[in-house]
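Welcome! Here is a friendly walk through one protein model, part by part. Please keep the sequence and the 3D view at hand as you read.

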Amino acid sequence: MMKLVAHLLLLSGASSFAPNTQIQPRFVTSLGALGVFVRKAKENDLRKMIEAGQISDAVKAKLDEMKSASTEMREGPGPVQTALTKRKGTITIIAEYKRKFDENAAFISEILPADILSPVFREGGATAIAVMADERMGGCTYDDMVILAREQESARGDMPGPLPIISSDMIVDELQIAQSAIAGAEAVVITYSVVGPERLEGLIEQCTAAGLECIVTVNNKEEAQKAVDLGVRMICVSALNSPDEKFEVVDGLSAPNDEPICKIASILARDNKQLEEVEEAWVLRDKGFQAVWVSDALYKSGNDPIEHPGAIIASMKAKSSVKFASARVKTGKGEGAREYLGDIMM
């Protein structure tokens with residue numbers, strides 16, 4: 001209990017990881033200001049959890065284990081980075097599970113349970129599953145993460161085998177890293193604009209102590225290079241619309257000894273049903289991204305027999321190119337508009 005009280009004091013501001021940690025002015029953009037607000041809201045949620053005694057014994061034990069574990073980063077890519085990085089000319093898919101959607105981008109009001117969609121992601125060809133475990137933003141909890149991890153583990157020995165789980169909570173504290181590890185995650189996502197460079201360094205160390213890999217979400221080249229300098233080797237470009245803008249963020253990134261960097265692009269859902277997001281995946285692949293992060297776009301057509309999440313994932317992985325094909329289905333334009341996505345999957 002005393003250790004949790006001490007942790008509560010940390011969240012209240014009695015450490016260098018406190019909410020009022022000073023961030024260099026160059027990082028305080030409009031998005032950075034929003035990041036501070038989001039961080040404080042999440043810290044408040046964690047504080048309430050601790051005060052209510054809602055931290056499980058397993059998570060407490062994991063926190064204790066992390067305090068004595070080595071924070072020396074592993075040599076070479078971890079299993080998640082290795083899985084996401086395939087040969088040149090291919091793209092891997094991170095499918096995000098969530099229950100809340102952008103009202104301008106999703107066309108369904110509810111989603112199938114985690115244990116139902118989990119095998120759909122795997123059989124559709126996804127390489128990893130992310131769980132938006134921030135209940136306020138994504139409508140999911142760590143319970144969903146546990147369900148997905150267990151269902152994936154049930155495929156051990158099958159083909160395709162289990163997919164790694166990525167915790168997509170709004171990570172601001174080591175407590176969430178411990179929660180992610182206990183829930184079955186193999187990697188976590190940390191948003192640079194939410195935590196800032198100083199806190200990011202400490203969280204990266206805690207990921208290492210917990211045995212988890214780390215993906216850092218960035219919005220510009222400066223953030224991307226700083227994350228790499230801190231030892232991160234999986235960079236996800238977010239909050240940008242065009243493939244060219246996303247590529248500019250990662251173009252020229254360098255790591256010591258030419259260590260490989262997995263470049264991931266987040267694909268934003270459009271407010272239509274044309275599935276232009278499939279074409280964007282092809283463009284990003286051709287620009288050199290190793291993976292794409294797909295969220296709301298997977299659910300635009302619900303459980304449609306042709307355009308369900310698994311079909312969209314398979315289409316994004318197809319060898320097609322915007323030079324020769326179009327995935328803009330359900331527009332009623334062109335021959336076979338309704339059937340074309342199925343053709344791409346073959």
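## The nonpolar cores

The largest nonpolar core of this predicted model holds 80 residues, and the members that touch the most others are Tyr97, Phe121, Ile190, Leu200 and Ile235. A nonpolar core here is a set of buried Ala, Val, Leu, Ile, Met, Phe, Trp, Tyr and Cys residues joined through side-chain atoms within 4.5 Å. Buried means under 20% relative accessible area, exposed means over 50%, and partly exposed lies in between (1.4 Å probe, protein chains only). Helix H9 (residues 192–210) supplies the largest share of this core, with 9 residues. Helices (H or I, at least four residues) and strands (E, at least two) are DSSP runs, numbered from the N terminus.

Take Ile190 as a place to start looking. Leaving aside neighbours within four places in sequence, Ile190 is in contact with Ile171, Val195, Leu200, Leu203, Cys207, Cys214, Ile215, Val216 and Thr217. Contact means heavy atoms within 4.5 Å.

## How to read the model

This is a predicted model, in which local features need pLDDT of at least 70 and side-chain atom pairs count only at pLDDT 80 or more, while totals for chains, interfaces and linings use all residues. Residues are numbered from 1 along each chain as its sequence is written, and side-chain values use heavy atoms, with hydrogens and water left out.

## The chain as a whole

The protein chain has 14 helices and 8 strands. Of its 346 residues, 53% are buried. Among contacts between residues at least 6 apart in sequence, 73% join residues at least 24 apart. The accessible surface comes to about 15,800 Å², and carbon and sulfur atoms account for 51% of it; accessible areas come from the Shrake-Rupley method with a 1.4 Å probe, and for residues only the protein chains shown count as cover.

## A covered strand

How many of the residues of strand S5 (residues 213–218) are buried? The count is 6 of its 6 residues. Both faces are covered: Glu213, Ile215 and Thr217 are buried on one side, and Cys214, Val216 and Val218 are buried on the other.

Strand S4 (residues 187–191) pairs with S5 in the parallel sense over 5 bridges. Two strands pair if DSSP finds at least two bridges between them. You can pick out one of these links at Val189, whose bridge partner in S5 is Ile215.

Trp293 lies in strand S8 (residues 291–294) and counts as buried, at 6% relative accessibility. Not counting residues up to four places away in sequence, Trp293 touches Ile94, Glu96, Ala130, Ile166, Ser168, Val189, Ile215, Cys236, Ile264, Ala265, Ser266 and Ile267.

Glu280 has its place in helix H12 (residues 276–287), and its relative accessible area of 3% makes it buried. Beyond its neighbours within four places in sequence, Glu280 is in contact with Asn241, Pro243, Lys246, Ile267 and Arg270. Arg39, in helix H2 (residues 30–51), is buried too, with a relative accessible area of 2%. Arg39 and Val194 are 155 residues apart in sequence, yet 5.8 Å apart in space, C-alpha to C-alpha.

Next comes Gln179, found in helix H8 (residues 174–183). Gln179 is buried, at a relative accessible area of 12%, and it touches Met49, Val59 and Tyr142, not counting residues up to four places away in sequence.

Most residues other than glycine have a negative phi, and most peptide bonds are trans. The peptide bond from Met159 to Pro160 is cis, with omega near 5°. Pro160 is in the loop between helix H7 (142–153) and strand S3 (165–167).

Ala239 is not a glycine, but it has a positive phi of about 65°. You will find Ala239 in the loop between strand S6 (234–237) and helix H11 (243–250), where it is partly exposed, with a relative accessible area of 47%. Asn257 also has a positive phi, of about 60°, without being a glycine. Asn257 is in the loop between H11 and strand S7 (262–267) and is exposed, with a relative accessible area of 73%.
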